[in-house]
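Here is a short tour of a protein model with its ligands. Keep the sequence and the 3D view side by side as you read.

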Amino acid sequence: MSKVLVSDPIDQAGIDILSQVATVDVKTGLKPAELIEIIGEYDALMIRSGTRVTQEIIEAGTQLKIIGRAGVGVDNVDVPAATRKGIVVVNSPEGNTIAAAEHALAMMLSLSRHIPDANASVKKGEWDRKTFVGAEVYKKTLGVVGLGKIGSHVANVAKAMGMKLLAYDPFISTERAEQLGCQLVDLDLLFQQADYITLHIPKTPETTNLINAKTLGKMKPTARIINCARGGIIDEAALAAAIREGKIAGAALDVFDSEPLGESELRSLGKDIILTPHLGASTTEAQVNVAIDVAEQIRDVLLGLPARSAVNIPGLGPDVLEELKPYMQLSETLGNLVGQLAGGRVETLTVRLQGELATNKSQPLVVAALKGLLYQALRERVNYVNATIEAKERGIRVIETRDASARDYAGSIHLEATGSLGTHSVTGALLGDKEIHLTDVDGFPINVPPSKYMLFTLHRDMPGIIGKLGSLLGSFNVNIASMQVGRKIVRGDAVMALSIDDPLPDGILDEITKVPGIRDAYTVTL
Ligand SMILES: NC(=O)c1ccc[n+]([C@@H]2O[C@H](COP(=O)([O-])OP(=O)(O)OC[C@H]3O[C@@H](n4cnc5c(N)ncnc54)[C@H](O)[C@@H]3O)[C@@H](O)[C@H]2O)c1
Ligand SMILES: O=C(O)[C@H](O)COP(=O)(O)O
């Protein structure tokens, strides 16, 4: 019989499901060394945010087939390490959405009416009605940062409370925001106008310290911030200083840079701050939802069946997967590339499957393209299982076409996306059945393998332009690994595709477009 280790508190409903197929040991509060010592005995590990599943633990888990996160965030799991070892990582993307949204709303109202401190005061025997005069949320402006599952529910409820809604989410369409009663704005405007700012975004390199001394300085002195998303999105020292100096009115935090929260100035800011110990998902209902959702997936994987919410492998039949595998990677890369060229807020994606791919069996390639397209927004949380629904929720219109007559390559994939930077297209094929090549960008033929950092320019094909661009990049210490020009007619418009060794430094794109003859420049990270 299989063995499952449950290393964080999980609802009994989940344990009951696991017990149908495995011996279940519940051992919470283990130190990393203790976990490393015993993990080798187990086929599955079930956790919440309390257990940090490091590479070391994964290496020691020689029998591990699946890690189940009873919740959303898998940032406490080294997913690449698990993937490398062929361990499936699953989560419950929706089981605690309502709980987290309601916690954010409760934090907003509690902060406005000083409920925690007023309650503590009465319990101490006081009757102080003056200190705790609050503010109404009715007719105030709520700025929702991240209009995904949780942000959308917060917006719906806040609208019903009579709040005006602004939202910032570079990956959500204007239509979707309008459906939710939100005006989509840029982040600066949101910071300047919001009375309440609520964060519902993942922690990524872009969102780390998004709320810092500079952005806090843009807010109203009456602004209040709520973070029930992830620690590290707010610079805690800058936040404490802003509240102490009256630059903003207050904050309510459920998540922290380091958890459990240690010594922190945040604890000393009185009624202008509310702190909860990562309780967003801690409702009876959410805990039953996530426990059942994840336990069922662990049970299925232990029985050799696919998982429905795997974050690191496709939930597709193994035979189809084997055949399409190299093309899946091609489609995903093209999706990621065209999404960045189109500027993120993609409204329409057209997928044209060409040559031998023009069959119904190739449908997973459309899903792979969407997975790539959504990667910048969702990172490792988008997978083959959820990519279609995530795209639908973002209001992305997907058009699928097939063209069996396109025979330049055995099979090729053409994607066209319309987003905030306009309409862009890319085509790719496999060389020698495996190697991905870009064969066309914006209608210009090229033939280059994609690389991690790339730069594309649209320019006039004229003497000297390549040299000027090379010198400019050199002056910024950017090393070019390879370069190719694609053109349709001599001295007409052309596209340049450059592979560079490092990300392009800030500000250089503007300099590139100032080079005479260069009309546009785009950089992407793949
Ligand atoms: N406190 C808790 O206990 C608790 C519980 C559940 C979820 N969470 C956290 O809440 C957050 C939101 O979860 P969700 O389920 O709504 O996720 P989601 O994926 O449905 O939504 C996240 C949204 O953020 C947007 N986004 C990504 N990068 C962005 C950026 N740079 N700027 C603005 N928007 C950006 C995405 O487009 C997406 O719409 C996550 O960080 C999750 O881990 C916390
Ligand atoms: O990502 C999540 O699901 C939340 O942060 C909840 O974490 P928890 O399961 O430890 O409460």
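## The nonpolar cores

The largest nonpolar core holds 46 residues. L349, L415 and F456 have the most contacts inside this core. A nonpolar core here is a set of buried Ala, Val, Leu, Ile, Met, Phe, Trp, Tyr and Cys residues joined through side-chain atoms within 4.5 Å. Buried means under 20% relative accessible area, exposed means over 50%, and partly exposed lies in between (1.4 Å probe, protein chains only). Helix 14 gives the most to this core, with 10 residues. Helices (H or I, at least four residues) and strands (E, at least two) are DSSP runs, numbered from the N terminus.

Look at L415. Leaving out residues up to four places away in sequence, L415 touches S331, L334, G335, V338, L349, T350, V351, A369, H424, S425 and V426. Contact means heavy atoms within 4.5 Å. A second, separate core has 32 residues, among them L187, A194, M219 and L266.

## How to read the model

This is a predicted model: local features need pLDDT of at least 70, side-chain atom pairs count only at pLDDT 80 or more, and totals for chains, interfaces and linings use all residues. Residues are numbered from 1 along each chain as its sequence is written, chains are lettered from A and ligands numbered from 1 in the order in which they are written, and side-chain values use heavy atoms, with hydrogens and water left out.

## Around ligand 1

How many residues surround ligand 1? There are 28, and the closest are K149, I150, D169, I201 and R381. A residue belongs to such a shell if one of its heavy atoms lies within 4 Å of the ligand. By class, this shell has 15 nonpolar, 7 polar and 6 charged residues. Ala, Val, Leu, Ile, Met, Phe, Trp, Tyr, Cys and Pro count as nonpolar; Asp, Glu, Lys and Arg count as charged; the others, Gly among them, count as polar. Helix 7 (149-160) and helix 14 (364-378) each supply at least two residues of the shell.

Now the polar contacts (pairs of N or O atoms within 3.5 Å; within protein, one must be able to donate a hydrogen and the other to accept it, and residues adjacent in sequence count only if both atoms are side-chain atoms). An oxygen atom of ligand 1 sits 3.4 Å from a polar backbone atom of G148. An oxygen atom of ligand 1 is also 2.8 Å from a polar backbone atom of I201. A nitrogen atom of the ligand is 3.0 Å from a polar backbone atom of C228. Taken alone, ligand 1 exposes 870 Å², and the protein buries 96% of that. Accessible areas come from the Shrake-Rupley method with a 1.4 Å probe; for residues, only the protein chains shown count as cover.

## Around ligand 2

The residues surrounding ligand 2 include R48, R69, V72, N96 and H278. This shell divides into 3 nonpolar, 5 polar and 3 charged residues.

R48 places a polar side-chain atom 2.9 Å from an oxygen atom of ligand 2. For R69, a side-chain N or O atom is 2.8 Å from an oxygen atom of the ligand. V72 uses its backbone: an N or O atom there lies 2.6 Å from an oxygen atom of ligand 2. On its own, ligand 2 has 310 Å² of accessible area, and the protein covers 91% of it.

Is S173 buried or exposed? S173 counts as buried because its relative accessibility is 1%. S173 is in the loop between strand 7 (164-168) and helix 8 (174-179). Its side chain reaches the backbone oxygen of R394 at 3.2 Å.

N336 is found in helix 13 (residues 318-342). With a relative accessible area of 9%, N336 is buried too. Beyond residues up to four places away in sequence, N336 touches G372, L373, Y375, Q376, T525 and L526.

## Backbone details

The peptide bond from E259 to P260 is cis, with omega near 0 degrees. P260 lies in the loop between strand 11 (250-253) and strand 12 (273-275).

H114 is not a glycine, yet its phi is positive, near 55 degrees. H114 is buried, at 7% relative accessible area. R491 is not a glycine either, and has a positive phi of about 65 degrees. R491 is exposed, at 57%.
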